[in-house]
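Hi,

Here is the structure I promised you. Have a look at it first, then read on for what turned up.

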Amino acid sequence: MSDDTTPPAATAVRYEQTGAVVLVTIDRPAQLNAINGEVRAGLFAAFRRFEADDSARVAILTGAGATFCAGMDLKEAAEMSLAVPPKGFLPIIGQGLDVTKPTIAAVNGFAFAGGWLLAQMCDLCVAAEHATFGITEARVGRGMPWAAPLVGMVQQRAAMELLLTGEPIDARRAHEIGFVNHVVPAAELLPRAFAMAEKIAANAPLTVRAAREMVYLSTEMGRSAALRAGAHLFESVYRSEDAQEGPRAFREKRRPEWKGR
């Protein structure tokens, strides 16, 4: 599947690139892909590598085996006597990990606690029909401050139920409340995620990045402020070479050759 199978600093995370699409895989199936030090280091390295590589335009995050990610490795947390996780402890996109290009979570099984977090931090989410999602911290006395943005993604009372009960939901329910974009049979999960990624990667990269940022800014602003922010984001896009290339390619009946400038 891959043109590049070199792991990024940690064997618990695989990094594979096919064309403009990167597949990042948490590879601890025997431990249900639980997040330990090696996974944290591997995810930091993988997403930094993705961000730095101009040839990589979209990243897909998934888990090896039958689980996406079961959350924090509680055995390691117990050994560390982990209290408040230090700043930058977890590889959270948009919070200590700067990624400006689109990411897709391909959820192939359990996505609990930190696994939910990893799916939440991605821009889009495709789930297998058998996938299960849960914010289970209330059951083990831990916290979920990272879930604060969830209220902007799903219905408020759905978020309240998830956080207070700790009860998991299936993929259909996750789709119903707006957390998941598409639910597909397990065999179609990665093909569907790759198809979505390739559609995005074929578009003008400057427009895609600005649109992604505009969506996030708009969740934090009122209507007028969001419109002003959108105009600012897209000014440089309008002035780019790609903004001329798109109409020119349409007129000449050919595929555009995006330069990203």
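Let's begin with a charged pair: E235 and R239 form a salt bridge, and their closest N and O atoms are 3.3 Å apart. Keep in mind as you read that this is a predicted model.

How open are the two partners? E235 counts as partly exposed because its relative accessibility is 40%. R239 has a relative accessible area of 67%, so it is exposed.

S240 sits in the loop between α9 (223–238) and α10 (241–251). Is S240 buried or exposed? With a relative accessibility of 7%, S240 counts as buried, because the cut-off for buried is under 20%. Leaving aside residues up to four places away in sequence, S240 touches L206 and R261.

Back to the salt bridges. How many does the structure hold? There are 10. One of them joins E129 to R172, with 3.5 Å between the closest N and O atoms. This pair links distant parts of the chain: E129 lies in the loop between β8 and β9 (132–134), while R172 belongs to helix α6 (residues 171–176), and the two are 43 residues apart. E129 has a relative accessibility of 42%, so it counts as partly exposed. R172 also counts as partly exposed, because its value is 48%.

Another salt bridge runs between R251 and E252, where the closest N and O atoms are 3.6 Å apart. R251 is exposed, with a relative accessible area of 62%, whereas E252 counts as partly exposed at 39% relative accessibility. There is also a network: R14, E16 and D27 are joined into one by salt bridges that share partners.

The largest pocket has a volume of about 1100 Å³. It is lined by 36 residues, and those closest to its centre are Q120, M121, D123, R212 and Y216. Which element gives the largest share of the lining? That is α8, with 8 residues. What is the lining like by class? It has 21 nonpolar, 9 polar and 6 charged residues.

Cheers

How values were computed: Residues numbered from 1 in each chain as written. Predicted model: local features only at pLDDT ≥ 70, side-chain atom pairs only at ≥ 80, totals over all residues. Heavy atoms only, no water. 1 Å grid on protein atoms, 1.4 Å probe; cavity = no way out; pocket = protein on both sides within 12 Å on 5 of 7 lines; lining within 4 Å. Points joined across faces, edges and corners; volume = space filled by probe spheres on them. Helix = DSSP H or I, 4+ residues; strand = E, 2+ residues; numbered from the N terminus. Nonpolar A, V, L, I, M, F, W, Y, C, P; charged D, E, K, R; others polar. Buried < 20%, exposed > 50% of the residue type's maximum accessible area, 1.4 Å probe, protein only. Contact = heavy atoms within 4.5 Å. Salt bridge = Lys/Arg side-chain N within 4 Å of Asp/Glu carboxyl O.
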